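Here are some notes to read alongside the model, written as numbered points. Please keep the structure open as you go through them.

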Amino acid sequence: MKNVLILFLAVFPINVVCAQVGNNLEYAGYIKSETWVKTNNDNSHLFLSAFKNTFDLEVEYKLSNEWTLFVHPRYFYDFAYDIRDEANFDKNQFKMGHTQRTEWLRDCYLDFTSDKLDIRIGKQQVVWGQADGLPFLDRVMPFDLTYYWLPDFADIRIPLWMIKVEYSPQLNSTLQFLLIPDFEASRSAPAHAPFAFKANTAWEDFKAINASSGGTASTTIYRPPKEFENSRIGLRWRSMIGNMEYTLNWLYGYSNSAYTYTDSFTPIAGSLGHYKVSRRHKLMHLVGFSFNKSFLNPGPLEGWTIRGEFAYLHNEPTYYGTDGSRKLTERTDKYAYVLGFDKSFFTNWAFSLQFCQFIHDKKTFKGYQIINAYTYGLMEKIENTLTLKIATDFMYERLKPEVLIIYGDDNDGRVSFKTKYELRDNIWLTFGYYHFWGPPRGSNGQFRN
């Protein structure tokens, strides 16, 4: 097996402002420069994947004891597209080289807080899940996967304009209501970008080959209109049973992810034919729950925390086909859950072990098998995954290494390592390293080359 190593090299966040003006205004921010390089083990060639520079500023203004305004702009520019001179790389500059449209405004909301009622109105993130490295209940926000799942989830969630209301009828209990009239689709890297999904690149290559023989292949993208009646609605109940925290979750609306459908196919002699394909978002339900329990009393479980998440996805589209080829898209039900076991050893070594399962309602449909949405590789009805996260610190918490290992039952996985070093109070250096392995049509194995 030919393994390829991905290197995430040198992140320098510099804290440029952190201050309070009077009693009402606070602001903080940073400048960050990060360089990604990739190395293949079959030669010594190193090539630049990103030279990304980010400016981030957070401003909070207290209007009164109950009302607060928060504004969070962020802008980045990737100089790698100015340095490299490669056709496939350069054509992605528009989508990946700088902040798109109004995405420079990361958060912008107005907060109302009181003893029992909190209201947040504006552009924001809502987090439902707590699993390491994988989303289960965390499906409220769309995701930006232009760098796969490698950055922190807080950075790849796409904030939306919404209303969040939280009401506490009793101590340690909260009912959360979400009204989300805004819509943004989850996105992935364009074809031939460093972290482009194999399915995306294969489709672009197919269109080029088909066109050379006289055929055509077009894609039409349908987004749900940004109208009030298309708003997504969410509810979450959070409470305690003894010392165990639990949540009950429900979300209804259009899926964040778009799914591919073949609208028409006309065979043409001498070519692969005329294809019309669409990308559509479908209405679906998410129902789930989570729990978190820490054991503090003396005994064999002392010091352990056990947590879990379960998600039932009703009417989520699923791809069926043969290995490497999608034949049709069918709405089915899916189930996913994760069990996590956390404990600190040797004072400051935090270990987190997770067991996850993804279960499809139908293994086959009209004679075709389930295929991976990222790669069009074959999948089983039940997919098992193990993860292990280890984190610690040295030098009075100035040096903080962390590693996350994700392993699937098809021998598909990745290792994500990063260590953060505090040079001064306002200067940090981070070094990261990513290694992928697995079959070429696996979610992680697709990036081994």
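1. Let me start with what pairing means here: two strands pair if DSSP finds at least two bridges between them. With that in hand, Tyr109 stands opposite Gly122 in β7. Please bear in mind throughout that this is a predicted model.

2. β6 (residues 105-113) and β7 (residues 117-124) run antiparallel and are joined by six bridges. Three residues separate β6 from β7, and the two form a hairpin. On another side of the story, β5 also runs antiparallel to β6, with seven bridges between them.

3. How many bridges join β20 to β23? There are 10, linking β20 (residues 349-360) to β23 (residues 382-391) in antiparallel fashion. Cys356 has Thr385 of β23 as its bridge partner. β23 is also joined to β24 (residues 399-408), by seven bridges and again antiparallel. Within that pairing, Ile390 has Val403 in β24 as its bridge partner.

4. Leaving aside residues up to four places away in sequence, Trp149 touches Gly133, Pro135, Phe143, Ile156, Tyr374 and Arg414.

5. On to charges: a search of the whole structure finds 24 salt bridges. One of these joins the side chains of Arg74 and Asp155, at 3.5 Å from N to O. Arg74 belongs to strand β5 and Asp155 to helix α4, so this pair ties together parts that lie 81 residues apart in sequence. Are the two residues buried or exposed? Arg74 is buried, because its relative accessible area of 17% falls under the 20% limit. Asp155 counts as partly exposed, at 31% relative accessibility.

6. Compare that with Lys32 and Glu34, whose side chains meet in a salt bridge of 3.8 Å, N to O. Lys32 counts as buried at 17% relative accessibility. Glu34 is buried too, with a relative accessible area of 8%.

7. The side chains of Lys362 and Glu330 form another salt bridge, 3.9 Å from N to O. This pair links distant parts of the chain, 32 residues apart: Lys362 sits in the loop between β20 and β21 (364-365), and Glu330 in strand β19 (residues 325-345). Lys362 is partly exposed, with a relative accessible area of 28%, and Glu330 is partly exposed as well, at 22%. Elsewhere, salt bridges that share partners join Arg101, Glu103, Asp182, Glu184, Arg187 and Lys226 into one network.

8. Next, the surface. Tyr167, Leu175, Phe177, Ile233 and Leu235 make a nonpolar surface patch of about 390 Å². β10 (173-180) and β13 (232-241) are the elements that give two or more residues to this patch. Tyr167 itself is placed in strand β9 (residues 160-170). With a relative accessible area of 40%, Tyr167 is partly exposed.

9. A last stop is Ser64, in the loop between β4 (46-62) and β5 (67-78). Why is Ser64 classed as partly exposed? Its relative accessibility is 27%, and partly exposed covers values between the buried limit of 20% and the exposed limit of 50%. For a sense of distance, Ser64 and Val277 are 53 Å apart in space, C-alpha to C-alpha, and 213 residues apart in sequence.

Terms used
Residues are numbered from 1 along each chain as its sequence is written. This is a predicted model: local features need pLDDT of at least 70, side-chain atom pairs count only at pLDDT 80 or more; totals for chains, interfaces and linings use all residues. Side-chain values use heavy atoms; hydrogens and water are left out. Contact means heavy atoms within 4.5 Å. Helices (H or I, at least four residues) and strands (E, at least two) are DSSP runs, numbered from the N terminus. Buried means under 20% relative accessible area, exposed over 50%, partly exposed in between (1.4 Å probe, protein chains only). Patches are made of residues with over 30% relative accessible area and no salt bridge: like charges are joined within 9 Å, nonpolar side chains (Val, Leu, Ile, Met, Phe, Trp, Tyr) within 5 Å. Accessible areas come from the Shrake-Rupley method with a 1.4 Å probe; for residues, only the protein chains shown count as cover. A salt bridge is a side-chain nitrogen of Lys or Arg within 4 Å of a carboxyl oxygen of Asp or Glu.
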